[in-house]
Amino acid sequence: MAYRKKTLRTMSPAARKVARLAGELDSIARRLKNLIPELQHLELDSMALANARTIYQKEAEKPAQQILAEAIEFDLKNR
């Protein structure tokens with residue numbers, strides 16, 4: 001909670017420091033709370049990228065003839 005300037009002036013120096021630290025703590029907590037949705041999106045993107053990477057690595061291990069045969073078979077099925 002932010003204190004008014006007038007309120008801070010009436011406080012002792014030690015109480016003023018504590019009040020400022022309490023305000024800073026509230027501010028940091030609010031900023032962290034606002035970061036949670038962004039972190040959730042980043043985590044989902046990271047998992048999707050890892051999944052795509054594993055699929056790509058599996059496909060890269062296949063010989064070219066097998067990939068070509070699968071593509072031709074797919075085209076024939078979907079005509």
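Begin by selecting Ile28, Leu32, Leu35, Leu39 and Leu42, which together make a nonpolar surface patch of about 460 Å². Patches are built from residues with over 30% relative accessible area and no salt bridge, with like charges joined within 9 Å and nonpolar side chains (Val, Leu, Ile, Met, Phe, Trp, Tyr) joined within 5 Å. Accessible areas come from the Shrake-Rupley method with a 1.4 Å probe, and for residues only the protein chains shown count as cover. A salt bridge, in turn, is a side-chain nitrogen of Lys or Arg within 4 Å of a carboxyl oxygen of Asp or Glu.

The model is predicted, so local features need pLDDT of at least 70 and side-chain atom pairs count only at pLDDT 80 or more, while totals for chains, interfaces and linings use all residues. Residues are numbered from 1 along each chain as its sequence is written, and side-chain values use heavy atoms, with hydrogens and water left out.

**The whole chain**

Along the principal axes, the C-alpha atoms fill a box of roughly 85 × 25 × 10 Å. Buried residues make up 4% of the 79 residues; buried means under 20% relative accessible area, exposed over 50%, and partly exposed in between (1.4 Å probe, protein chains only). The chain exposes about 7600 Å², of which carbon and sulfur atoms supply 61%.

**Along helix H2**

Select residues 13–60, which form helix H2. Helices (H or I, at least four residues) and strands (E, at least two) are DSSP runs, numbered from the N terminus. H2 has 48 residues and reaches 67 Å from its first C-alpha to its last, close to the 70 Å expected at 1.5 Å a residue. The expected span is 1.5 Å times one less than the number of residues.

Proceed to alanine 15 in H2, which is partly exposed at 30% relative accessibility. Its C-alpha lies 61 Å from that of glutamine 57, 42 residues away in sequence. Valine 18, also in H2, is exposed, with a relative accessible area of 56%. Between valine 18 and leucine 49, 31 residues apart in sequence, the C-alpha distance is 45 Å. Alanine 22 is partly exposed at 34%, and its C-alpha is separated by 66 Å from that of aspartate 75, 53 residues apart along the chain.

Where does H2 kink? Select isoleucine 36, where a kink of about 30 degrees lies shortly before proline 37. The bend at a residue is the angle between axes fitted to the seven residues ending there and the seven starting there. Then return to leucine 42 of the opening patch; this H2 residue is partly exposed, at 49% relative accessibility.

**The salt bridge in helix H3**

Finally, select helix H3, residues 64–77. Side chains of opposite charge can pair when their charged atoms come close. How many salt bridges are counted? The count comes to 1: lysine 77 pairs with glutamate 73, the closest N and O atoms being 3.5 Å apart. Both residues lie in H3, 4 residues apart, about one turn of the helix. Lysine 77 is exposed at 62% relative accessible area, whereas glutamate 73 is partly exposed at 45%.
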